[in-house]
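Welcome, and thank you for taking a look at this one. Please keep the model open beside the text as you read.

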Amino acid sequence: MKNQITRMRIGEGRISGAISIFLGSLSLVGILCFKFPEQLTTPEFREIYTADMVENLMLGGIIATFLFALVSILLNKNKKNAVIGISLGVLAIVFGGFTVEGRAVEKIEWSIGLDWLILDLFIMALLFVPIELAFPKNKLQSKFHEEWRTDLIYFGISHLAIQLFGVITKKPAVAFFGWMNLEQVHLWVSELPFVIELFLALFITDIFQYWAHRFFHSHHYLWRFHSIHHSTQNMDWLAGSRTHFIDIFFTRSVSYIPLYVLGFSTLTFNVYILFIAIHAVLIHANTRINFGFLKYIITTPQYHHWHHCEEPEHYGNNFAVVFPFIDKIFGTYYLPGNEWPKGTGLIDASFPKGFVKQLVFPFMKNPFKNDLLPEERSKR
């Protein structure tokens, strides 16, 4: 059975119990950021928020942890989640949740950027969990399907890696392409209005990502790695993060390099990252919202779910990340009115469960079945 775990419903106390655990966990991780800001927070990101702002968020998060745990106790006979939430809230207080204060932070050569991950995860959950609860495409799919923990690990690693890949891509980009003397191009880009510069950044990166994406689909060995992204049968706000390190490193690098080479501003680069982070979550979400005419301008869940469809006759379409017209240009566009695919996933591949096993598996074995007839094998 694809959905062995029943979908949570309002009034059962399961949602409030899950929220309590979620907020308690974020509060604990947030305390670590206060304790070790040099190692766990991002210098660029620290300029956006203030210590008072984060202290208030910490206080609110801990209080909310207990409130949602109380609601869960009142509504749900099973007190397990409420007890876990309360325990996390108590630990947060013990480790200084009510007393931590911001301090001056020394700059060091490296940082993990855990502060970005906390706020990223919190905002994504705040945006998309209510949408999936209120407007689900698959009404039977539970938030806690059998692989949600694996997808959560992927989410943490891939969203932390956004900053990592930005750093490790910049120096090689400058080293390999600095000789091109593009000062005039840089000047032209810098004089563009912000909105036009951002659109141009999205368009250029989408062209590069389109061909990188298509290359991973067409090269049999690289498809081993990218097919992990297609292996999920549970499309939701976490599913888009299920991407192998080889895949994400290559595609992120391909998109970041033109931004550096052409001289896009730091503001445009940061807004681009924020937009892509939110949009990538959206197009994989379990929501039936079709966005009206906007679905012909920007990629939507319906559009991208067709890219993940399990029907072989529709493979090899919708490679664009942001703009559907790029698929139109290269002949890979498919959007049949208001119709959705019957299912998502891979019918001809077998992957082990768990992040570590999936990380190693494509290097060692071919995940695609060898007992299929030629006509049964997919051509993604």
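Partly exposed here describes a residue whose relative accessible area falls between the buried class, under 20%, and the exposed class, over 50%. Lysine 353, at 49% relative accessibility, therefore counts as partly exposed. Please bear in mind that this is a predicted model.

**The overall picture**

The protein has 15 helices and 0 strands. Of its 380 residues, 49% are buried. Its accessible surface comes to about 19,700 Å², and carbon and sulfur atoms account for 68% of that area. What share of the contacts between residues at least 6 apart in sequence join residues at least 24 apart? The share is 80%.

| Arginine 242 | Glutamate 147 | 3.5 Å |

Let us take the pairs one at a time. Arginine 242 and glutamate 147 form a salt bridge, with their closest N and O atoms 3.5 Å apart. Arginine 242 sits in the loop between helix H10 (220–230) and helix H11 (245–261), while glutamate 147 sits in the loop between helix H6 (114–134) and helix H7 (148–177), so this pair ties together parts that are 95 residues apart in sequence. Both arginine 242 and glutamate 147 are buried.

Lysine 353 belongs to the loop between helix H14 (324–330) and helix H15 (355–364), and glutamate 147 to the loop between H6 and H7, so the parts tied together are 206 residues apart in sequence. Is glutamate 147 buried or exposed? Glutamate 147 has a relative accessible area of 6%, and therefore counts as buried.

Aspartate 151 is in helix H7 and arginine 242 in the loop between H10 and H11, so the pair ties together parts that are 91 residues apart in sequence. Arginine 242 and aspartate 151 are both buried.

**Enclosed space**

How many cavities of 30 Å³ or more does the structure hold? There are 2. The largest cavity has a volume of about 570 Å³. Its lining is made up of 29 residues, and those nearest the centre are Gln209, Gly240, Thr243, Arg252 and Ala280. The elements that give two or more residues to this lining are H7, helix H9 (194–218), H10, H11 and helix H12 (266–284). H12 contributes the most, with 8 residues. By class, the lining of the largest cavity divides into 14 nonpolar, 13 polar and 2 charged residues.

The second largest cavity holds about 40 Å³ of space. It is lined by 10 residues, of which Glu38, Pro43, Arg46, Ile108 and Ser111 are the closest to its centre. This lining has 4 nonpolar, 2 polar and 4 charged residues.

**Backbone points worth a look**

Most residues other than glycine have a negative phi. Against that background, two residues deserve a visit. Phenylalanine 291 is not a glycine, yet has a positive phi of about 65°. Phenylalanine 291 lies in the loop between H12 and helix H13 (301–307), and its relative accessibility of 30% makes it partly exposed.

Asparagine 318 also has a positive phi, near 60°. Asparagine 318 is placed in the loop between H13 and H14. With a relative accessible area of 0%, asparagine 318 is buried.

**One glycine to finish**

Glycine 60 is found in helix H4 (residues 51–75). At 37% relative accessibility, glycine 60 counts as partly exposed.

Key: Residues are numbered from 1 along each chain as its sequence is written. This is a predicted model: local features need pLDDT of at least 70, side-chain atom pairs count only at pLDDT 80 or more; totals for chains, interfaces and linings use all residues. Side-chain values use heavy atoms; hydrogens and water are left out. Helices (H or I, at least four residues) and strands (E, at least two) are DSSP runs, numbered from the N terminus. Buried means under 20% relative accessible area, exposed over 50%, partly exposed in between (1.4 Å probe, protein chains only). Contact means heavy atoms within 4.5 Å. Accessible areas come from the Shrake-Rupley method with a 1.4 Å probe; for residues, only the protein chains shown count as cover. A salt bridge is a side-chain nitrogen of Lys or Arg within 4 Å of a carboxyl oxygen of Asp or Glu. On a 1 Å grid over the protein atoms alone, a cavity is a set of points where a 1.4 Å probe fits but cannot get out, and a pocket is an open set with protein on both sides within 12 Å along at least five of seven lines; lining residues have an atom within 4 Å of a point. Grid points are joined across faces, edges and corners, and a volume is the space filled by probe spheres set on the points. Ala, Val, Leu, Ile, Met, Phe, Trp, Tyr, Cys and Pro count as nonpolar, Asp, Glu, Lys and Arg as charged, and the others, Gly among them, as polar.
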